[in-house]
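Visitor: I am new to this structure and would like to go through some of its details. Please show it to me, and then I will ask.

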Amino acid sequence: MSNELKNILNAPAEVAASRLIGSDLIREVNGQKIIGRIVETEAYDEADAASHSYRGETARTKIMFGQAGFLYVYFTYGMHYCCNIVTGPAGQGSAVLIRALEPLLGIDLMTRNRKGRSINELTNGPAKLCEAMQIDKKLNGHDLTSSPLKLVVNPAIHSSQIVKTTRIGISRAKDAELRFYLKANNFVSKT
């Protein structure tokens, strides 16, 4: 892991969530690349009542308590996968939920994976982007510096272009402003 990536991901989840806006996820599927730019995130850590790590380490959350730079994938509502990038120091349960991506490459494959949805509906939600990029439990614990799914950190987006607001779809810690998204981007899940 490069020093820059290490510094970004070893930061608290809230700091990493904002900094990851504008970074790319590169997925390889059967020799084809799918690339999406991160345009929306949410921060979660063990002090946060809305976080999976809030009650401590379990078999499900073990990845969140591990080394930064690994993928934490969970199954929700009995039908959807969501993916998170583990952040912070090992032993502290924190991660950044990837809420939305802007499709850059492999849009035809994303469209097939999402059963013909329009481009604006391919990756504008955490479960949608996992379906579009074929991310499931097989990638839980995956090192994001290696194939078939890599995180590439791009230059930081100026803070004036990042909106900070409350998270979506949670019942605990609803008022915490731990959601970040790229202002005026068409691929954000909700504004």
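Visitor: Is Gln134 buried, exposed or partly exposed?

Guide: This is a predicted model, in which local features need pLDDT of at least 70 and side-chain atom pairs count only at pLDDT 80 or more, while totals for chains, interfaces and linings use all residues. Residues are numbered from 1 along each chain as its sequence is written, and side-chain values use heavy atoms, with hydrogens and water left out. Buried means under 20% relative accessible area, exposed over 50%, and partly exposed in between (1.4 Å probe, protein chains only). Gln134 has a relative accessible area of 29%, so Gln134 is partly exposed.

Visitor: Where is Gln134, and what is its phi?

Guide: Gln134 sits in the loop between α4 and β6; helices (H or I, at least four residues) and strands (E, at least two) are DSSP runs, numbered from the N terminus. Most residues other than glycine have a negative phi. Gln134 is not glycine, yet its phi is positive, near 55 degrees.

Visitor: What is the phi of Lys115, and is Lys115 buried or exposed?

Guide: Lys115 lies in the loop between α3 and α4. Its phi is positive, near 55 degrees, in a residue other than glycine. With a relative accessible area of 69%, Lys115 is exposed.

Visitor: Which backbone oxygens does the side chain of Arg114 reach?

Guide: Arg114 is in the loop between α3 (107-113) and α4 (126-132), and its relative accessible area of 7% makes it buried. Leaving aside neighbours within four places in sequence, Arg114 is in contact (heavy atoms within 4.5 Å) with residues including Lys128 and Glu131. A polar atom of the Arg114 side chain lies 3.0 Å from one backbone oxygen, in Glu121. The side chain also reaches, at 3.2 Å, the backbone oxygen of Leu122.

Conventions: A polar contact is a pair of N or O atoms within 3.5 Å; within protein, one must be able to donate a hydrogen and the other to accept it, and residues adjacent in sequence count only if both atoms are side-chain atoms.
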